[in-house]
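Me: I would like to learn how to read a few features of a protein model, going slowly from one side chain to the spaces around it. Could you take me through them one at a time?

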Amino acid sequence: MRADGTVVCSWGEKDADYACYHDTEWGVPVTDDVRLYEKMCLEGFQSGLSWLTILRKRENFRSAFAEFEIEAVAKFGDVEVERLLSDAGIVRHRGKIEATITNARAALQTIEIHGSLAKFFWSFEPKHHHSIRTPSDVASATAESEQMSKALKKLGWRFVGPTTCYSLMQADGIVNDHFVSCFRHGHIEAARKATKEPF
């Protein structure tokens, strides 16, 4: 609970940037392919780091990776990799940078096969999802995120383990992991129900 009495998820109390992200973005259904590609890449960059680190560098990432326009990033080559490795505004990890480019190419293939990233990602929405009442109720991965991870890897995606996939599902409204007591839970559930045909 915040000082003003607002009940929020426990992680949404800690930092102003986290609070803003929690209150305005986290869990809001996303059905735009560019934003889904961006989020999956940023979740990959977050591996081993704090999400707050990535959140604070997000605009730098967007600038460095052509606003995550999939076709543009898919054309990146060695010159762009070297440029990115010298960009102090992002996380300079060669494997993750190269994976972001690889994933753009894989995303194009995914769209060609499945129609859109939204259609593909949302196909892993669980039929039944337990309510979150305490931090211990929050999973790091689920059967559905493991299935998503395996399917993505078959399509050539990298840095897309089950935990990364579940983080995307949480952030983009494929599941609602706001605490039941959190003021955002009902908002997100209503938004999810309104997302009848997202793609």
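Me: With which side chain does the side chain of Gln170 make a polar contact?

Reply: In this model, which is predicted, the partner is Asp177, and the two side chains make their polar contact at 2.9 Å. As for its place in the fold, Gln170 belongs to helix α9, which covers residues 162-171.

Me: Does Gln170 count as buried or exposed?

Reply: The reasoning starts from a cut-off, since buried means under 20% relative accessible area. Gln170 has a relative accessibility of 10%, and therefore it counts as buried. If we leave aside the neighbours within four places in sequence, Gln170 is in contact with Trp26, Gly27, Val138, Ala139, Val175 and Asp177.

Me: How should I read a whole helix, and which residues of α1 are buried?

Reply: The general idea is that an α-helix has 3.6 residues a turn, so residues three or four places apart point the same way. In helix α1, residues 16-24, the buried residues are Tyr18, Ala19, Tyr21 and His22. They are on the same side of α1 because they cover an arc of only 165 degrees around the axis. Among the elements that cover these buried residues are α2 (33-46), α3 (51-64), α9 and α10 (183-194).

Me: Which residue caps the N-terminal end of α1?

Reply: That residue is Asp15, which has a side-chain oxygen 2.7 Å from the backbone nitrogen of Asp17.

Me: How does one look for pockets, and what volume does the largest pocket have?

Reply: In general, rolling a probe the size of a water molecule over the atoms shows where empty space is left. Here the largest pocket has a volume of about 500 Å³. Its lining has 20 residues, of which Trp11, Trp26, Val138, Ser167 and Gln170 are the closest to its centre. Helix α9 gives the most to this lining, with five residues, while α1, α2 and α9 each supply at least two. By kind, the lining of the largest pocket divides into 11 nonpolar, six polar and three charged residues.

Note on methods: Residues are numbered from 1 along each chain as its sequence is written. This is a predicted model: local features need pLDDT of at least 70, side-chain atom pairs count only at pLDDT 80 or more; totals for chains, interfaces and linings use all residues. Side-chain values use heavy atoms; hydrogens and water are left out. Helices (H or I, at least four residues) and strands (E, at least two) are DSSP runs, numbered from the N terminus. Buried means under 20% relative accessible area, exposed over 50%, partly exposed in between (1.4 Å probe, protein chains only). A polar contact is a pair of N or O atoms within 3.5 Å; within protein, one must be able to donate a hydrogen and the other to accept it, and residues adjacent in sequence count only if both atoms are side-chain atoms. Contact means heavy atoms within 4.5 Å. The arc is that of the directions from the helix axis to the C-beta atoms. On a 1 Å grid over the protein atoms alone, a cavity is a set of points where a 1.4 Å probe fits but cannot get out, and a pocket is an open set with protein on both sides within 12 Å along at least five of seven lines; lining residues have an atom within 4 Å of a point. Grid points are joined across faces, edges and corners, and a volume is the space filled by probe spheres set on the points. Ala, Val, Leu, Ile, Met, Phe, Trp, Tyr, Cys and Pro count as nonpolar, Asp, Glu, Lys and Arg as charged, and the others, Gly among them, as polar.
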